[in-house]
Amino acid sequence: MAQQHDLFDDIIDISKGLSALKNPLGGVTDALMGGEGDGAPHWNPADYKDKPRANSIPCLVCNYEKSSCTACMDACPVNAIEIEDFSIDIKDSCRKCGLCVSVCPTEAFVTPRLTPKKLYDAIAGAAAAYNTAYVTCTRALRRMPRENEVVVACIGDVPPEVWFSVMADYPNVSVYLPLDICERCRTTTGEEVLGDSIATAEEWAGTGLGLEVDAKQLKCVKRREYERKEFMDNIMKTTGLAVSKLNPATAAVASVTQRLRDHSKKISELEKTLKAACGTTTQKRRRLLIQRRQLVLSTLQEHPELAKNIQVSTPECDFEKCTACGDCVKKCPTHATDLLGSGRFTVEPAYCVGCGLCVEVCEEHALKMVEHDASDLVMADPDAQKKAADAAKTRAEIAKTKEEGKKVLTKVLDSVEKMAE
């Protein structure tokens with residue numbers, strides 16, 4: 001139900017009007033001067049593109065030259081990636097599109113701008129503060145982005161795990177892509193990558209992602225609750241008056257920064273829990289939890305019902321064929337696999353990215369990849385469990401108090417009846 005317009009909203013509207021009066025010709029000046037005044041940032045698509053860096057350590061092909069993984073090379077539109085002699089070479093012909101970063105199953109390609117957590121924070125921050133957040137590419141936008149517009153070199157740069165986490169928490173996110181924009185783009189593989197990523201995320205989240213194709217329909221409207229919170233915070237900073245205490249609805253709204261901070265804290269706590277439970281192998285190798293898996297785990301912790309929508313693959317061992325040679329453990333890029341003291345193969349689902357390298361290196365063909373839902377990835381939330389336990393304890397105490405009260409009341413009534421007789 002829509003919120004009623006109250007005194008605080010009137011004050012906010014008035015303050016907006018006063019701000020406009022301070023520079024009444026600003027819009028006209030921008031229109032005459034091309035929209036950018038002195039000192040204003042200029043639109044440069046190159047600002048949103050970085051040449052990826054490659055790390056050969058988690059690369060499947062660098063670990064095992066017979067690996068069938070060709071994800072990065074298939075995604076690269078200009079064949080700028082070569083892997084040989086256990087190293088990755090990115091040629092100068094690289095278009096800096098970032099697609100190799102999004103498709104690598106072990107995050108062997110990285111750029112500071114396209115880390116999964118940074119992408120999530122950028123999209124989630126815009127979605128938390130505005131009625132609609134848009135994710136778009138440099139070719140589609142062609143201007144300086146507004147605060148609710150997240151620009152990447154190619155929308156295919158956003159991996160399915162990031163889309164999934166965003167869609168589970170923020171239904172007001174849309175992609176902005178004008179019709180046929182991808183067909184005229186020289187990043188020829190981008191449309192297929194983004195199509196696969198979004199389709200996978202929609203299947204996982206059980207909902208659809210918004211799409212906008214008309215530039216005229218792009219709106220930049222702050223969410224009312226965020227605008228009210230922002231206005232109150234500004235008053236508090238200016239006057240020192242805790243106005244938010246006068247308005248419980250405003251006081252209840254968490255800031256965008258706090259929401260993102262809480263999300264990061266939840267991921268850190270989850271990683272600590274995993275590390276304490278199974279963070280190292282029996283050979284004392286530290287297991288690696290890639291960022292995309294961190295996002296999935298944290299989202300499933302908040303929305304465990306979505307696990308049934310996600311299909312993952314993990315290795316299964318035929319122990320009659322297994323010789324406990326340990327090749328599968330040595331080659332695992334995230335150290336998700338292990339051999340127990342008895343030589344029995346095991347895998348930690350939270351760390352396994354389903355790359356299948358362990359299956360490929362097993363000469364005895366004792367391993368095979370098995371597909372199943374993500375129920376194993378639902379991690380218990382210690383804080384939620386503690387709160388639930390405390391609530392159950394409180395309910396039990398209340399019930400006990402009520403029962404004791406009934407007994408006392410019954411005795412009193414019995415005494416009254418006897419006296420009346």
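1. Helices here are DSSP runs of H or I with at least four residues, and strands are runs of E with at least two, both numbered from the N terminus. The model is predicted.

2. The largest pocket holds about 770 Å³ of space. Its lining comprises 30 residues, and those nearest the centre of the pocket are Pro-105, Pro-160, Glu-161, Arg-292 and Val-353. By class, the lining of the largest pocket has 16 nonpolar, eight polar and six charged residues.

3. Which helix gives the most to the lining of the largest pocket? H9 does, with six residues. At least two lining residues come from each of H4 (71–75), H5 (99–103), H8 (160–169), H9 (190–205), H13 (291–302) and strand S9 (311–317).

4. Helices H6 (residues 116–129) and H12 (residues 256–278) pack with their axes 9 Å apart, at an angle of about 145°. Their crossing is right-handed. On the H6 side, the contact is made by Lys-117, Tyr-120, Asp-121, Ala-124, Gly-125, Ala-128 and Ala-129. H12 contributes Val-256, Arg-259, Leu-260, His-263, Ser-264 and Ile-267 to this contact. Sorted by class, the contact of H6 with H12 has seven nonpolar, three polar and three charged residues.

5. Four strands form an open sheet in the order S6-S5-S7-S8, and the pairing is parallel. From one strand to the next, the twist averages 30°.

6. Why is one side of S6 and of S8 left without a neighbour in the sheet? Strands S6 (149–152) and S8 (210–212) stand at the edges and each has a single partner strand, so one side of each has no neighbour there.

7. At the S6 edge, the pairing of S6 with S5 (residues 133–137) runs in the parallel sense over four bridges. Within this pairing, Thr-136 has Val-151 of S6 as its bridge partner. In general, strands of a sheet pair through backbone hydrogen bonds, either parallel or antiparallel.

Key. Residues numbered from 1 in each chain as written. Predicted model: local features only at pLDDT ≥ 70, side-chain atom pairs only at ≥ 80, totals over all residues. Heavy atoms only, no water. Axes fitted to C-alpha atoms, helices over the stretch in contact; angles between N-to-C directions. Left-handed = near helix turned anticlockwise from the far one by under 90°. Contact = heavy atoms within 4.5 Å. Nonpolar A, V, L, I, M, F, W, Y, C, P; charged D, E, K, R; others polar. Pairing = 2+ DSSP bridges. 1 Å grid on protein atoms, 1.4 Å probe; cavity = no way out; pocket = protein on both sides within 12 Å on 5 of 7 lines; lining within 4 Å. Points joined across faces, edges and corners; volume = space filled by probe spheres on them.
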